[in-house]
Amino acid sequence: ESASGHLYVATDDFAVLKYESCIARKPHTPRKKKHLTRYPMHSHYSQTYKQNSGKYMLNTSFYQASQIEHDSKKGTSNLYTDLRYLTSTNYITSNVVPIERPIIQLTNGPKVKPDMHFWENHNYVPDPGKSFSFYCSDAGVFTK
């Protein structure tokens, strides 16, 4: 139905420093589940970048989406919210190896052994209200 956003660009080198957008979608009914109607409230995206060793790197990434799903068979409605927040805490720029294959083939490379304990030291619950100066309203318009 609507989309709005902002792009923040540095005046000295024209680097993108921040991107934020808000998207409001129309309600829809899945073809295979006619009894469900999904009413999306909004999708909110924000990414910031910062300079490190002369290159701009991803600093933060924020995604939030909400929708209400109404089930006409059961007569119930449920609110679903998806919140994802990523913060870069360390950049290692020594011994960088360029990836020569196309982005679409990145998963075809060597397998990396997952660190099962990674999130024990790298997980926290952020306060998006303090991290960002706006929120995405139901109408898809930014509000300060």
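## A friendly note on sheet and rings

1. Tyr-85 has a relative accessible area of 25%, so Tyr-85 counts as partly exposed. On this scale, buried means under 20% relative accessible area, exposed means over 50%, and partly exposed lies in between (1.4 Å probe, protein chains only).

2. A word on what you are looking at. This is a predicted model, in which local features need pLDDT of at least 70 and side-chain atom pairs count only at pLDDT 80 or more, while totals for chains, interfaces and linings use all residues. Residues are numbered from 1 along each chain as its sequence is written, and side-chain values use heavy atoms, with hydrogens and water left out.

3. Now the overall plan. The protein chain holds two helices and seven strands, which follow one another from the N terminus as β-β-β-β-β-α-α-β-β. Both kinds of element are DSSP runs numbered from the N terminus: helices are H or I with at least four residues, strands are E with at least two. Of the 144 residues in the protein chain, 24% are buried.

4. Which strands make up the open sheet? Five strands form it in the order β1-β2-β3-β4-β5, with antiparallel pairing. Two strands pair if DSSP finds at least two bridges between them. At the edges stand β1 (2-9) and β5, each with a single partner strand, so one side of each lacks a neighbour in the sheet. From one strand to the next, the twist averages 5°; here the axes are lines fitted to C-alpha atoms (for helices, over the stretch in contact), and angles run from 0 to 180 degrees between N-to-C directions.

5. You can follow the pairing strand by strand. Strands β1 and β2 run antiparallel and are joined by eight bridges; Ala-3 stands opposite Ile-23 in β2. Their hairpin has six residues between the strands, and Phe-14 in this hairpin takes a positive phi near 60°. Next, β2 (residues 16-24) pairs with β3 in the antiparallel sense over six bridges. In β3, Gln-47 is the bridge partner of Tyr-19, and Tyr-45 is that of Ser-21.

6. How many aromatic pairs are there? The count comes to two. Rings of Phe, Tyr and Trp (its six-membered ring) pair if their centres lie within 6.5 Å; planes under 30 degrees apart count as stacked, over 60 as edge-to-face and the rest as tilted. Tyr-45 and Tyr-63 have ring centres 4.9 Å apart and planes at 40°, so their pair is tilted. This pair links distant parts of the chain, 18 residues apart: Tyr-45 lies in β3 (residues 36-52) and Tyr-63 in β4 (residues 55-71). Tyr-45 is partly exposed because its relative accessibility is 27%, and Tyr-63 is partly exposed at 21%.

7. Phe-62 has a relative accessible area of 2%, so Phe-62 is buried.

8. Finally, look at Ser-88, in the loop between β5 and α1 (118-122). Leaving aside residues up to four places away in sequence, Ser-88 touches Leu-58 and Asn-59, where contact means heavy atoms within 4.5 Å. The side chain of Ser-88 reaches the backbone oxygen of Leu-58 at 2.8 Å.

Technical notes. A polar contact is a pair of N or O atoms within 3.5 Å; within protein, one must be able to donate a hydrogen and the other to accept it, and residues adjacent in sequence count only if both atoms are side-chain atoms.
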